[in-house]
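Here are my notes on this model, written as numbered points for someone meeting such a structure for the first time. Please keep the structure open beside you while reading.

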Amino acid sequence: MRADAVVLDIDGVLVDVADSYRRAIVESVDRVYDRTIRKADIQQFKDAGGFNNDWELTYAAALYILATGEGYDESIETFTDAIAENGGGLEAAEAAVRDTLGARATQRVTDRLDRDRLRDVFQQLYLGAELYRGLEGGEPDIESRGFIHDEPVLLDDETREALLEAYDVGVVTGRPEAEAEIALERVGLEDSIPADRRFTMDDWEEGKPHPKALMTLAERFDADTVVFVGDTLDDIRTATNADDADPDREYHGIGVLTGGLTGEEGRRKYETENASAVLESITELPALLEE
C-alpha cells in the first residue's frame, strides 16, 4: 500500500484508553445516577456511529439508564442497533427512546439528563484534581488522581521515527486540544506534528465520520494518497467518505485491534466496513506501507 501522508487517531492507536476515557464514561453515569452501563457496552455505542465525542457517548449511556426507569425494557444491543438505524449519535439515541416510550415519557427522561453535570464529573475523573483546575478553571468536588495517567503508550520509538522519516504525519482526534497535546507529548509527537497538522474537537464541529478534517490535511500535505489509522468503525467511515468526496485523491482507512475492536470479531467488523487493512497494532504500519 503506497501512501504520501499518514494521519493518526490518538485513542486506541497511540495510547490505550480502556482505563481512562472508557472508565470515565461508566463511572460518570454511576456517580450522577447511581446506575450505569458496563464498560463492555461502550463498544456497541461506538459501533453504532456518531460518538466520536466521549461526552456525548456518556450522555447517551445516561439516557439509556434514565429511559429504563420510565419503562424502556430494550437491551443495550437493541438500543444501539436503533441508534445505528437512525444515523448514529445522541439525537438518534433520543429518537430510539421516543419511538418506544412516546413523546411524554421521553420528555421526562431528557429533562433529567444533566449534561453539564455529567461532563463536569467526567472531566474531574479523567483529568484529576490538579489538571482539572488548570484546564477547566474550576475547583473540583471530586478528589481524583485522574484516569489520564492510566493510558499506556501504544506507539514505540522505532515506529514513530519510521513514520516521521518516510511520510507527512498528521492527527485527527475527537479529543479536546489540551488533552490531545498531553497524549502527543507522552508518545513523543508534540514537536513533530504542529498545530496545522492536527484536527481536534476544538478545530471542527462536524466530527468523524465527516471527511472535512481528513481532506483538509490531505490538501495541506499536497498528498495524492492518504492513510488514516483509527480504532473505530467511524474512523474507517471517515476515510471512505473522504474517498467518495475527493476523487482527486485516494484515502485508505486502516483499523487497529488495540482499541475497543479486538480479535477476530473486531477484524470482521472492520472488514465489513471495507477497511483497507486491519493491523494488530500501530507497530505493523511501517511494514505494511513499505510493502
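1. The lining of the largest cavity draws at least two residues from each of α1 (21-33), α3 (54-68) and α7 (115-136). Helices (H or I, at least four residues) and strands (E, at least two) are DSSP runs, numbered from the N terminus. A cavity is a set of points, on a 1 Å grid over the protein atoms alone, where a 1.4 Å probe fits but cannot get out, and lining residues have an atom within 4 Å of a point.

2. Please bear in mind that this is a predicted model, in which local features need pLDDT of at least 70 and side-chain atom pairs count only at pLDDT 80 or more, while totals for chains, interfaces and linings use all residues. Residues are numbered from 1 along each chain as its sequence is written, and side-chain values use heavy atoms, with hydrogens and water left out.

3. The largest cavity has a volume of about 220 Å³, a volume being the space filled by probe spheres set on the points, which are joined across faces, edges and corners. Of the 22 residues that line this cavity, Asp11, Tyr21, Lys46, Asn52 and Asp54 lie nearest its centre. The lining divides into six nonpolar, six polar and 10 charged residues, where Asp, Glu, Lys and Arg count as charged, Ala, Val, Leu, Ile, Met, Phe, Trp, Tyr, Cys and Pro as nonpolar, and the others, Gly among them, as polar.

4. Asp11 has its place in the loop between β1 (5-8) and α1, and Asp11 is buried, with a relative accessible area of 13%. Buried means under 20% relative accessible area, exposed over 50% and partly exposed in between, with a 1.4 Å probe and protein chains only. Leaving aside neighbours within four places in sequence, Asp11 is in contact with Val17, Tyr21, Arg175 and Asp231, contact meaning heavy atoms within 4.5 Å.

5. Which residues of helix α8 (residues 157-166) are buried? They are Thr159, Arg160 and Leu163, and because they cover an arc of only 100 degrees around the axis, they lie on the same side of α8; the arc is that of the directions from the helix axis to the C-beta atoms. On the other side of α8, Asp157, Glu158, Glu165 and Ala166 are exposed.

6. Two backbone details deserve a look. The peptide bond from Lys208 to Pro209 is cis, with omega near 15 degrees, and Asp222 has a positive phi, near 55 degrees, although Asp222 is a residue other than glycine.

Technical notes:
On a 1 Å grid over the protein atoms alone, a cavity is a set of points where a 1.4 Å probe fits but cannot get out, and a pocket is an open set with protein on both sides within 12 Å along at least five of seven lines; lining residues have an atom within 4 Å of a point.
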